[in-house]
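The sequence and structure come first.

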2 protein chains.
Amino acid sequence: MTNQGKEDIAIVGAGPVGALLAVMLARKGYKVDLFESRPDSRPDASARALYQGKSINLALSDRGWLALKAIGLDEEIRAQAIPMTCRMIHAIDGSLARQPYGRENQAIWSVSRAGINEQLITLAEQQAGVEVHFEHKLTGLDFNSGSCAFDAPGKGQERVDCRRGLIFGADGTFSKVRRLAQELPGQRISYSLDYMPQSYIELTIPASSDGSFLMEKNALHIWPRKNFMLIALPNPDGSFTCTLFMDLQGALSFESLDDEHKVSDFFRKYFPDAMPLLTDPVATFMAKAPSPLCLVHIDPWVIQEKVALIGDAAHAMVPFYGQGMNCGFEDCRVLSELVEQHQHHWPDILPAYQQARKENCDAIIELAKRNFVEMSDLAGDARFLLRKKIEAKFSEMHPELWIPLYSMVTFSPELPYAQALAVGEVQKEIMDEVMNLPDIEQNWQADCTYRLLYQLAQEKLTPNTLAKTVSNPLSPGPLNSLSQQKEVKA
Amino acid sequence: MTNQGKEDIAIVGAGPVGALLAVMLARKGYKVDLFESRPDSRPDASARALYQGKSINLALSDRGWLALKAIGLDEEIRAQAIPMTCRMIHAIDGSLARQPYGRENQAIWSVSRAGINEQLITLAEQQAGVEVHFEHKLTGLDFNSGSCAFDAPGKGQERVDCRRGLIFGADGTFSKVRRLAQELPGQRISYSLDYMPQSYIELTIPASSDGSFLMEKNALHIWPRKNFMLIALPNPDGSFTCTLFMDLQGALSFESLDDEHKVSDFFRKYFPDAMPLLTDPVATFMAKAPSPLCLVHIDPWVIQEKVALIGDAAHAMVPFYGQGMNCGFEDCRVLSELVEQHQHHWPDILPAYQQARKENCDAIIELAKRNFVEMSDLAGDARFLLRKKIEAKFSEMHPELWIPLYSMVTFSPELPYAQALAVGEVQKEIMDEVMNLPDIEQNWQADCTYRLLYQLAQEKLTPNTLAKTVSNPLSPGPLNSLSQQKEVKA
């Protein structure tokens, strides 16, 4: 391949999404410069403190795997990933309940953010045409000439000319590329940045002295406490990374727990089984500044046909569906497919990219926001669990008619998020009706329950209903094609 | 009065809201510096071109009057204002239909933006302790020391020290104060700026040669054409200022009408009665750049206890409810009342101000957005008009139970916007049910219709229902206190 006549491409931000994009575009014959403000974390493990303020591990699921498979990195990453086949719910009395995520062979995978990022950067460096520039901090962008300016230590102000090229902003939730675009006069850019009431800190449950896991390894552990929750994901070294999500302000909040006594009482009261396992929870709580959670919406994603946003820079979401990185990886996969489809003609590719992604990313932002309630409150609710059981049973009986919402989002990478959201809303209506059946707690296994479900699903989940709510060009079509979807083995 | 021990106050932006605020605070004994980036428009009428890109006249209604009355400027402004007692709907065949805005003695008033702004600035200058600084463009704000920096011609960079004081950002939709606050590190400011699909240009219908009005004077004229509309407000000189609202892009839009032929055909087809009255509509359409319409939400309004946003800077809305300036004036009135209530103690006043206003401003932003459909589409719809007639009749029968939404917003200044929105939603549910009665078109005057309405209103508009949806400290209480509200004669 040659980059003859092809645009030069600058990618700002070498997080997982920027690095994956660099690999994909290089393999299509583009010369790619990948800029990152942080230093290279690879020579020295201690440099991983660089990732401070970002979560330590992430849940990779089928949309992410599909993108990694496209560049052949899936097996290498899977070798260090830990499958989590269920939620493990820790009640306040210490009792445990297992909630499978999907069918028996389905799982989400705990991976190290730093690890996957480093593997992707290493792969990017190995591509012909890719140059990675660490410690390059974007200072300016000229949208007309397409040139970027960076502060680079030792080199002072470095200008990089992208006159022939394109610039991707893969620089995260607080994207500088995005901010510079918003300051352009005459652009009509709609934008929102919403801080959630919750913030988070990370805590650790270490491995036992023999290196084994102190809790069930193949699970995502949740301590749902309604307005706050603790979760834990396993790491390959036998430890768990825990995250405490709680309101920043208010009656019970990061701010209200302002001395060691209160914090100690808090952990003892709400997380009695986790408390003795956690490494210095009280001291860590007192020492750490809670990180914010926010949502970003912006429209358009493409500015002056030269600059496009991707990943969190375009659509930052909360982590409650485990889809942030998966969604960013999907951005890259879809963009890469559009490069082929439009034969490298970027004036067509970029608008098609926004068209394909914007609606779906809005949908997953919304779904992720709603999922806080499901994780922190409903996960411990008996009626909610019954609803899940009925859905799971019906889905097994009629997989062509019903895939539970969680599975559509997590295990159905060819089903666009917007369609999952739309179908999920109809499913909710149907299940509300089913849950109103008299004595459903006793009769949930009765045939009549599933006859009603079948009838309602037939009636409300017709292809026509769904076609109206979904209009995605990459959509495999309305619900009746669900059964045809390829399954990505997880 | 003396400003002994009182904070010095800087107000950035001498539009109608900034100037009104200056008057109110000066009368409470504060030293106020009012900064404006534009030159003074008063010495020379031609300087009114300075208001370019802003609408020429505005609809002042009871919330605005209440604030103006508080500073004694209402009579002076009313002398130059034109009451509009109804909408005058221009059908595509040129036929006219009159829709009263409220009861016989109720009106909204057409005023000149420049005129009211100049009167307020003149009044501000007359207050002891107020200094007005034109051609002062804000360049920086130090939120810790409370100092502002301005570019002032002839004076170069001028720094104004507000170390002892407070700063109000009354600098409009694209507020610089707001932008500087957002750039502060460590603040968690949620923010959105949304561009509407519609933009607008202004056109003119001149006075006739003898100075009289070419259309009904005491009306707000509307040519509702579903996805777009033309409106006209009367001016004291016999002319009308017209505004064409239309999508910026799309099948029929400012962009699609790209030559004189198309524009001419457009006006002839959709505005046949207005076309011959308008001054050079085609040339004006071709020459003018459409102005954008946008919504602004921000939270918090108060930053580091020193800086507060007010008016459009805090809550820009679309003009479809005629409430933008009225709402900004209400901000000033409420703030001024809180100064007394909290005995000049600003650490209490500013949070109480945000608490009192934020929810209500969110409500009017939403109501104004929804009203585009009512003005541009429903205003010409027979069933919608019937609904309005039934509501009006019922409201006359039971004013203690039912005030139409438009009247709650426009003619009930002591009813908070959030309560109007909440009550309006219950009213909509009730009217949906009434409109579903068989043959309502024929039977709308029948007693049984109003018995049903009475029953539904009694049932759904209980104080309890409403208390739950409304929680405003300045609220006069739930719906059953509506009947006690004082009426502001318009």
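## Interface between the chains

In chain A, 15 residues are in contact with 15 residues of chain B, where contact means heavy atoms within 4.5 Å. The model is predicted, so local features need pLDDT of at least 70 and side-chain atom pairs count only at pLDDT 80 or more, while totals for chains, interfaces and linings use all residues; side-chain values use heavy atoms, with hydrogens and water left out. Residues are numbered from 1 along each chain as its sequence is written, and chains are lettered from A and ligands numbered from 1 in the order in which they are written.

The size of an interface is often given as the accessible area lost when the parts come together. Between chain A and chain B the buried area is about 1200 Å², and carbon and sulfur atoms give 45% of it. Buried area is the accessible area (1.4 Å probe) that two parts lose on being put together, summed over both. On the chain A side, the residues that lose the most area to chain B are Arg188(A), Tyr191(A) and Tyr195(A), which together account for 51% of what that side buries.

The count of salt bridges between chain A and chain B is 0; a salt bridge is a side-chain nitrogen of Lys or Arg within 4 Å of a carboxyl oxygen of Asp or Glu. The count of residue pairs in polar contact between chain A and chain B is 8, with both residues at pLDDT 80 or more. A polar contact is a pair of N or O atoms within 3.5 Å; within protein, one must be able to donate a hydrogen and the other to accept it, and residues adjacent in sequence count only if both atoms are side-chain atoms.

Strand S13 (190-205) and strand S17 (291-299) of chain A each supply at least two residues of the side of chain A that touches chain B. The largest share of that side, 7 residues, comes from S13(A). Helices (H or I, at least four residues) and strands (E, at least two) are DSSP runs, numbered from the N terminus. By class, the side of chain A that touches chain B has 7 nonpolar, 5 polar and 3 charged residues. Here Ala, Val, Leu, Ile, Met, Phe, Trp, Tyr, Cys and Pro count as nonpolar, Asp, Glu, Lys and Arg as charged, and the others, Gly among them, as polar.

S13(A) is also joined by 3 bridges to strand S13 (residues 190-205) of chain B, and the two run antiparallel. Ser192(A) has Ser192(B) as its bridge partner in S13(B). Two strands pair if DSSP finds at least two bridges between them.

## Sheets and packed helices

Chain A has an open sheet of 6 strands in the order S8-S2-S1-S12-S19-S18, with mixed pairing. Strand S8 (130-133) and strand S18 (302-303) of chain A are at the edges with a single partner strand each, so one side of each is left without a neighbour in the sheet. S18(A) pairs with strand S19 (residues 307-309) of chain A in the antiparallel sense over 2 bridges, and Ile303(A) stands opposite Val307(A) in S19(A).

Helix H1 (residues 16-27) of chain A packs on this sheet, touching strand S1 (9-12), strand S2 (32-35), S8 and strand S12 (166-169) of chain A. Helix H10 (residues 346-376) of chain A also packs on the sheet, where it touches S1, S12, S18 and S19 of chain A.

In chain B, 3 strands form an open sheet in the order S3-S7-S4, with antiparallel pairing. Strand S3 (57-60) and strand S4 (82-84) of chain B stand at its edges, each with a single partner strand, so one side of each is left without a neighbour in the sheet. The twist averages 35 degrees from one strand to the next. S4(B) is joined by 3 bridges to strand S7 (residues 108-112) of chain B, and Pro83(B) has Trp109(B) as its bridge partner in S7(B). Helix H9 (residues 324-341) of chain B packs on the sheet, touching S3 and S7 of chain B.

The table gives the helix directions; axes are lines fitted to C-alpha atoms, for helices over the stretch in contact, and angles run from 0 to 180 degrees between N-to-C directions.

| H1(A) | S2(A) | about 175 degrees |

## Backbone details

Most residues other than glycine have a negative phi, and most peptide bonds are trans. The peptide bond from Asp299(A) to Pro300(A) is cis, with omega near 0 degrees; Pro300(A) is in the loop between S17 and S18 of chain A. Lys226(A), a residue other than glycine, has a positive phi near 70 degrees and lies in the loop between strand S14 (219-224) and strand S15 (229-234) of chain A.
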